[in-house]
Amino acid sequence: MDEGPQAPQGTTAARLFRVVLHLVLLLILVYGAHLLLAWFSARTEDIHPGAQIGMILVLLLIYALLIALPFVPGIEIGLMLLAVEGAWIAPWLYLATTAGLLFAYGAGEWVPYPHLHRVLADLHMHRACALLDRIHPLSREERVLLLRDNAPKWLRPLISRYRYLFVAAVINLPGNAVIGGGGGILFLTGLSRLFKPAGVAVTVALAVMPVPLTVWAFGIDILH
């Protein structure tokens, strides 16, 4: 069924170009980080200790930015850093992970609605555009009630009372890169406007803590 009038050919080509451009830039960023990590892993012993600290900080910043991007397997990058540097980097990796995920949430929470509407229109998601127009004037509580009332009965408690626990569980789901990764999940969490920033901050801080805390507390060497 046709959901709306057909867009002019020029407009469709421009939308397609923007989508492809976004995907290409994402692939370039991910591949560049992969090359940088591989280079650093191969030359760790040859680099001066002072320079190593600076490079580690740069890598943590890159890691935080990468994990904020949708469909980036941030956990694999984090485990690589743990394997290369050992348990001492675990607290810093935890802070970078938390910062990256909260950045993704903030990007979704505070993205202007006109920009979001244009992106959805570029993807020909007309129903999503209509839903966005419907929920835009609503408060956070009104959106939760609207979503709960239109959801299946078994899903309503999850939406109204346990949605923060659901986000925490999905963040730690193995292979979650398939459904957007931590960055994509937190971006959608912010985009939904169903979650309070303070609640999300506590949820993320607790959800990503177990692995870095365990590695740091017990001095676990991932390579052995």
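User: Is tyrosine 105 buried or exposed?

Analyst: Tyrosine 105 is buried, at a relative accessible area of 3%. Buried is under 20% relative accessible area, exposed is over 50%, and partly exposed is in between (1.4 Å probe, protein chains only). This is a predicted model, where local features need pLDDT of at least 70, side-chain atom pairs count only at pLDDT 80 or more, and totals for chains, interfaces and linings use all residues. Residues are numbered from 1 along each chain as its sequence is written, and side-chain values use heavy atoms, with hydrogens and water left out.

User: What does tyrosine 105 form an aromatic pair with?

Analyst: Tryptophan 110, in an edge-to-face pair, 6.3 Å centre to centre with 75° between the planes. Rings of Phe, Tyr and Trp (its six-membered ring) pair if their centres lie within 6.5 Å; planes under 30 degrees apart are stacked, over 60 edge-to-face, the rest tilted. Tryptophan 110 is exposed, with 59% relative accessible area.

User: How many aromatic pairs are there by this rule?

Analyst: The count is 2. Tyrosine 164 and phenylalanine 195 also form an edge-to-face pair, at 5.2 Å centre to centre and 90° between the planes. Tyrosine 164 is in helix H9 and phenylalanine 195 in the loop between H10 and H11, so the pair ties together parts 31 residues apart in sequence. Helices here are DSSP runs (H or I, at least four residues), numbered from the N terminus.

User: And how accessible is each of those two?

Analyst: Tyrosine 164 is partly exposed at 22%; phenylalanine 195 is buried at 8%.

User: Pockets now. What is the volume of the second largest pocket?

Analyst: About 880 Å³. A pocket is an open set of points on a 1 Å grid over the protein atoms alone, where a 1.4 Å probe fits, with protein on both sides within 12 Å along at least five of seven lines; lining residues have an atom within 4 Å of a point. Points are joined across faces, edges and corners, and the volume is the space filled by probe spheres set on them.

User: Which residues lie nearest its centre?

Analyst: Leu147, Leu188, Ser192, Leu194 and Phe195, out of 28 lining residues.

User: Where is confidence lowest, and where highest?

Analyst: Helix H1 (residues 9–43) is lowest, with a mean pLDDT of 66, and helix H11 (residues 197–207) is highest, at 95. pLDDT is the predictor's confidence in each residue, from 0 to 100. The protein averages 77, and 75% of the residues score at least 70. Where pLDDT is low, the predicted coordinates should not be read in detail.

Definitions and conventions. Helices (H or I, at least four residues) and strands (E, at least two) are DSSP runs, numbered from the N terminus.
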